[in-house]
Amino acid sequence: MQTATPSLLELQCALRASLVAHDDRGISAHVVGGEIGAGERLDIYRNTFASVLTTALRLSYPAVHRLVGAEFFERAVRVFIETSPPRSACLDDYGHEFPDFLSGFEPASSLAYLPDVARLEWSVNRALHARDAEPLDAQRLVALEEAERGRVTFALHPSASLLRMDHPADLIWRAVLDEDDATLSAIDPCAGPVWLLTERLPTGVEVRRMSESAWRFTSALCEGRPLAAALDDARDFDASVVLADHLAAGRFIDFSLNETSA
Amino acid sequence: MDSHAAPLRTRDSIPARAGVGLRFRHHQEVLEARPAAAWFEVHTENYLGGGSAPAYLDAICRDYPVSLHGTGLSLGSAEGLDPAHLARVRELVKRIEPGLVSEHLSFSVAGGNYLADLLPLPLTEEALKIVCRNVAQVQDHLKRRILVENPSTYLQFRHSTIPEWEFLALVARRTGCGILCDVNNIYVSACNHGWRASAYLAALPTEAVAEIHLAGHTVRRIDEARTICVDDHGSRVEPEVWALYAEALARFGPVPTLIEWDTNVPPMAVLLEEAGHAAALIDEAESANGHALAA
């Protein structure tokens, strides 16, 4: 049977289908066979594709990998890769949908805390690789008019994440990476929720707990709530101390003035 | 700050000596022990974010000539280059001013997905036009010449009409890019497709070859009767590849040469030993060149 010559775009999409979805129908007729068949040749590329991405995800999700074991992890990753292949050549950015995938991955449903551990690990990965950014100079806030200051909303440093988890994922994560089985078995996986801040410090990545009120105040400021309104919401604790700590730690990189003031 | 008008300077050009591929596990050691490598090459995509990796690279660039070797631009993609990726590469090039910038004659992006490998192209007139268009776009964007490397391949397409060595020479001639001649890749592809490695070398335009790569490979057994040669960068350079490298030096003269080792990365001392072997062959080629000139 004569096969029409594909355009480069058609051929590349066919090779994509072969690697991602294991569908060789569009490609094998165009591959020179010989002693080694087209399928065997394509397998070499398929194996590289799967093993490179499995390694990338294992590096980003080391605690998930240890919790479920190498074999289970690989099985989950194979399914994930097929549904969510990378969209960027920077593999440090690959896998942010993996926690959501795990939430719906039936074989993992008995580990209710697993998606939370994965979300925490993604925040750590982001803290490791996020772009560098200069912290906000507090003098810029001082220079504002009083009324303007009330309308300020902040931009969080790209390496920082605020997470609310139903499970104590921070304790589980730490015990797993420390291989501390005694601590791990003493953790009550239902002892949540917890409110976390992950950030990159000069000494490395840190995950720490915040009080619910400080966390809510910080989240509101970074989600567009004007400063005056956020302070107003937070009357039950000293939010200005939290704000001063964030500014001193360089957790904000910029601010804007919310149009709808308090 | 904008440098659209100004050509990007290069900090230090890469010397025609033996360098070493630098991986994360050696960052600290390079800064502390200052090993005697003539230069280092790093993978572009490992330094496009923030944090400690680019900070190490900045420090290493102060002490050594550094070359950037990319795996993600996908010069052979029919759908064109990813502008966001190209912009990130440009930022890094601006910041560290590498001695050389290189990429591959392959594609790794299709249908908007990154396929995590250097995939083979059908070597056709259409692909030649597309590769030349993409190389020209990268060179315009980076405001500098890049080098394009021959890949190792495990399959060929039926509708290819141009031999790989001719294709590479044509890309260099039409775009002005240089050639990164990976001697191990020539050996691997020649084994897999029945090409003559020496003839491949002889067909490359001497003046375009600006860098050579050397690495280890594995002969993988498929079954009793069949093997395939796999470019896994996980061992020392094989004797047959050293012999082919000597041929390359005789043809191209002394060229910056890199020892690549990406899987099971050994101690720096092993990499320097391999670089030492390459350096000795460069010296031989230099003195042979000198004799030829004196004669």
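Select Val148(B). Leaving out residues up to four places away in sequence, Val148(B) touches Leu75(B), Glu103(B), His104(B), Leu105(B), Val135(B), Leu168(B), Val171(B), Cys177(B), Ile179(B) and Leu180(B). Two residues are in contact if their C-beta atoms, placed from the backbone, lie within 7 Å.

Before moving on, note that this is a predicted model, where local features need pLDDT of at least 70, side-chain atom pairs count only at pLDDT 80 or more, and totals for chains, interfaces and linings use all residues. Residues are numbered from 1 along each chain as its sequence is written, while chains are lettered from A and ligands numbered from 1 in the order in which they are written.

Next, show the barrel in chain B. Eight strands close it in the order 1-2-3-4-7-8-9-12, with parallel pairing. On average, neighbouring strands of this sheet are turned by 30° against each other, direction ignored. The angles are taken between N-to-C directions of lines fitted to C-alpha atoms, on a scale from 0 to 180 degrees. Strands (E, at least two residues) and helices (H or I, at least four) are DSSP runs, numbered from the N terminus.

Zoom in on strand 3 of chain B, residues 66-69. Val66(B) and Leu68(B) point one way, Ser67(B) and His69(B) the other, and all are buried. A residue is buried if 20 or more other C-beta atoms lie within 10 Å of its own, exposed if 12 or fewer, and partly exposed in between.

Four bridges join it to strand 3, and the two run parallel. Strands pair if DSSP finds at least two bridges between them. Find Val42(B): its bridge partner is Leu68(B). Glu41(B) stands opposite Ser67(B).

On the other pairing, three bridges join strand 3 to strand 4 (residues 100-104) of chain B, again parallel. Here Ser67(B) stands opposite Leu100(B).

Finally, show both chains. 38 residues of chain A are in contact with 34 residues of chain B. The largest share of chain A's side, nine residues, comes from helix 1 of chain A.
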